[in-house]
Amino acid sequence: MELGCIFSYINKIGTISNKFLAKRIKEEGLPILQNHSLLFYILPKDKSPLLFSEIVERGKISKSSLSDIINKYENLGLVNKCISNEDKRNIYINLTDDGVYVKNKLEDIKNEALDAMLDGFDENQKEVFKDCVNKALVNMKKVL
């Protein structure tokens, strides 16, 4: 493998992973969009609430986009939105029972994708791969 084309390979992994996720979401009949799945990965499975601002920070999502996403899934009964009694500027978001179901399905899909990507890797290779990807990510964040 020519090292110079590594970005192409990384992009292809991302593209294929996104297509796989979208395909499996459709197959499972989940009422979400692939590009909104991050919200369900961020929100805790135990239905404990997170501050709107914390979701913005964790997901690197704009406030206006997140607001639209939350409104959509609140209307579908997948998330709850609650305004703090102490400070009206604080909005808390948590999963409903149906939202937890979606989160569990998304985790199953993520595990399917990982199993497919790492097929044929032994445990040591999986660990080395994970460490290398993490190190590359840390290094790239330094250039921003």
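Predicted model: local features only at pLDDT ≥ 70, side-chain atom pairs only at ≥ 80, totals over all residues.
Trainee: Why is Ile91 called partly exposed?
Mentor: Its relative accessible area is 26%. Buried means under 20% and exposed means over 50%, with partly exposed in between, so Ile91 counts as partly exposed.

Trainee: Where is Ile91 found, and which residue is its bridge partner?
Mentor: Ile91 is found in strand 3, and it is the bridge partner of Ile83.

Trainee: How do you know that strand 2 and strand 3 pair?
Mentor: Pairing needs at least two bridges between the strands. Five bridges join strand 2 to strand 3, so they pair, and they run antiparallel.

Trainee: What makes strand 1 and strand 2 edge strands?
Mentor: The open sheet has three strands in the order 1-3-2. Strand 1 (50-51) and strand 2 (79-83) each have a single partner strand, so one side of each has no neighbour in the sheet.

Trainee: Which residues is Ile91 in contact with, beyond its neighbours within four places in sequence?
Mentor: Among them are Leu50, Leu51 and Phe52, along with Lys81, Cys82 and Ile83. Contact here means heavy atoms within 4.5 Å. Ile91 and Leu50 are 41 residues apart along the chain, and their C-alpha atoms are separated by 8.3 Å.

Trainee: Which residues touch the most other members of the largest nonpolar core?
Mentor: Ile32, Leu39 and Phe40 do, out of 25 residues in that core. Elements that each supply at least two residues include helix 1 (6-28), helix 4 (63-75) and strand 3 (91-95). Leaving out residues up to four places away in sequence, Leu39 touches Ile55, Leu66, Ile69, Ile70, Tyr73 and Val79.

Technical notes:
Residues numbered from 1 in each chain as written. Heavy atoms only, no water. Core = buried A, V, L, I, M, F, W, Y, C linked by side-chain atoms within 4.5 Å. Buried < 20%, exposed > 50% of the residue type's maximum accessible area, 1.4 Å probe, protein only. Helix = DSSP H or I, 4+ residues; strand = E, 2+ residues; numbered from the N terminus.
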